[in-house]
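Hello,

I am handing over the structure below. My notes on what was found in it follow.

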Amino acid sequence: MIIGIPREIASGERRVAITPDAARELVSDGHGLHVEAGAGSQAGFADADYEAAGARIAADAAALYAVAETVLRVRAPQGHEVAALRPGTVLISFLRPLDEPELSARLAERGITAFSIELMPRITRAQSMDALSSQATVAGYRAVLVAAELLPRMFPMLVTAAGTISPARVFVIGAGVAGLQAIATARRLGALVEAYDTRAAAAEQVESLGARFVELALDAGDAEDAGGYARAQTEEFYERQRKLMAERAAASDVVITTALVPGRRAPLLLDEDGVKGMREGSVVVDLAAENGGNCACTEPGEIVSKHGVTLVGDTNLPSALPVNASQMYSKNLLTFLRHLVTEGRIVIDLGDEITKGTLVAHDGKVVNETVRARLEPAESAESAKPAEHGEADKPAERSEAVKGEEAG
Ligand code: NAD
């Protein structure tokens with residue numbers, strides 16, 4: 001099978017889908033690997049490294065797409081890249097299918113078989129293919145470094161001849177993969193860390209990292225679904241949560257928000273009054289910026305200052321650490337591809353939970369039911385008035401976020 005690795009062209013994207021080490025493994029599996037010239041350069045991988053791993057360098061994207069039977073990439077293809085994919089090509093990438101279902105429809109129309117890496121089921125067997133987790137790990141680490149850089153004070157407690165420096169206080173909202181990594185990183189830098197999550201199971205994990213789990217007088221009920229993800233709460237719950245988050249934020253120097261509910265706009269957990277109540281010079285890093293933001297003052301793709309607080313809305317923190325982010329993503333893709341391949345070819349076995357879960361377009365159709373359902377209301381809403389803000393506003397909100405990202 002001929003596998004193609006294009007150069008990512010999304011603004012600010014420095015990752016590459018396959019590193020030279022993973023390239024060597026694909027070649028040893030018997031695949032032909034074609035890498036677009038410069039594909040790894042922003043992550044520090046030279047064309048010569050890929051050639052040494054047994055890959056061929058394609059001069060440009062057109063040359064790559066002309067031969068590739070399977071294309072592995074990081075970011076969803078943009079319009080002209082979709083047009084360049086030959087019918088019958090297999091595409092494996094982040095595709096944001098719940099946010100931009102129209103892309104899945106376009107890929108289906110073009111006869112592309114597309115797998116969306118963000119739909120990887122959260123099962124033990126698929127852990128090594130879970131790119132949302134691997135990239136969230138990088139983002140959680142990076143978020144703390146960005147905050148430390150912007151905060152006008154140090155993180156650790158220091159007892160010196162020039163006086164005692166008190167430790168910075170960091171509050172992490174959402175203790176999933178990114179949040180736990182942020183907690184661990186902030187602790188390593190010496191900060192005092194508190195965290196909150198609606199999932200009760202998170203408390204023990206937070207405490208095992210040396211942080212304090214904030215107990216709120218709020219009943220999140222059965223906050224976790226069968227897949228380990230958070231369930232959405234009622235608007236009343238969020239309203240009460242915002243008041244309590246504002247109290248904790250006022251006592252913190254840094255707030256890192258990571259709260260997400262799959263398939264929905266990120267819950268709004270820190271409103272403008274909450275930001276106003278924070279100390280001058282405090283920092284908020286909103287990891288949910290791409291999904292609408294957990295903080296009302298976040299501007300996706302931007303770093304802004306409001307009410308004396310610095311707000312970071314970076315939508316692609318993993319790209320700032322492209323070596324490890326690519327290394328982890330590449331390992332996720334390699335494992336997934338090996339899972340799909342039998343005797344050198346990709347076999348679509350819809351009886352397999354991982355294949356079925358990730359496949360969005362095949363045989364000219366959008367095959368994922370959730371993505372299809374997202375397309376239907378969008379089609380019928382086309383002629384209708386745009387929805388008022390609320391849960392139903394997700395696609396519009398997210399496309400705003402994407403615009404911000406492209407601008408940034
Ligand atoms: P995520 O990115 O969807 O959400 C981030 C966190 O936000 C979650 O912990 C969620 O509970 C939290 N959250 C949602 N609403 C909130 C609110 N109102 N207030 C505070 N926090 C809120 O989730 P994730 O980080 O990718 O993973 C969530 C869980 O799934 C974790 O327990 C993780 O260990 C588990 N997981 C399992 C697997 C697997 O078994 N293969 C893979 C990855 C993650």
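**Sheets and ligand**

Strands E9 (residues 169-173) and E10 (residues 192-196) run parallel and are joined by five bridges. Helices (H or I, at least four residues) and strands (E, at least two) are DSSP runs, numbered from the N terminus, and two strands pair if DSSP finds at least two bridges between them. Val-172 has Ala-195 in E10 as its bridge partner.

This is a predicted model, in which local features need pLDDT of at least 70 and side-chain atom pairs count only at pLDDT 80 or more, while totals for chains, interfaces and linings use all residues. Residues are numbered from 1 along each chain as its sequence is written, and side-chain values use heavy atoms, with hydrogens and water left out.

E9 and E10 belong to an open sheet of seven strands with mixed pairing, in the order E11-E10-E9-E12-E13-E15-E14. At its edges are strand E11 (212-213) and strand E14 (303-306); each has a single partner strand, so one side of each lacks a neighbour in the sheet. Helix H9 (residues 235-250) lies across E9, E10, E11 and strand E12 (254-257), at about 165° to E9. Axes are lines fitted to C-alpha atoms, for helices over the stretch in contact (heavy atoms within 4.5 Å), and angles run from 0 to 180 degrees between N-to-C directions.

There is also an open sheet of eight strands, again with mixed pairing, ordered E3-E2-E1-E4-E5-E6-E18-E19. Its edge strands, E3 (56-58) and E19 (365-366), each pair on one side only. Helix H11 (residues 322-340) packs on this sheet, touching E1, E4 (70-72), E5 (90-93) and E6 (113-116), and its direction makes about 145° with that of E5.

Now the ligand. In one, a side-chain N or O atom of Arg-122 is 2.8 Å from a ligand oxygen atom; in another, a polar side-chain atom of Gln-241 lies 2.9 Å from a ligand nitrogen atom. The ligand taken alone exposes 840 Å² (Shrake-Rupley method, 1.4 Å probe), and the protein buries 87% of that.

Regards

Terms used: A polar contact is a pair of N or O atoms within 3.5 Å; within protein, one must be able to donate a hydrogen and the other to accept it, and residues adjacent in sequence count only if both atoms are side-chain atoms.
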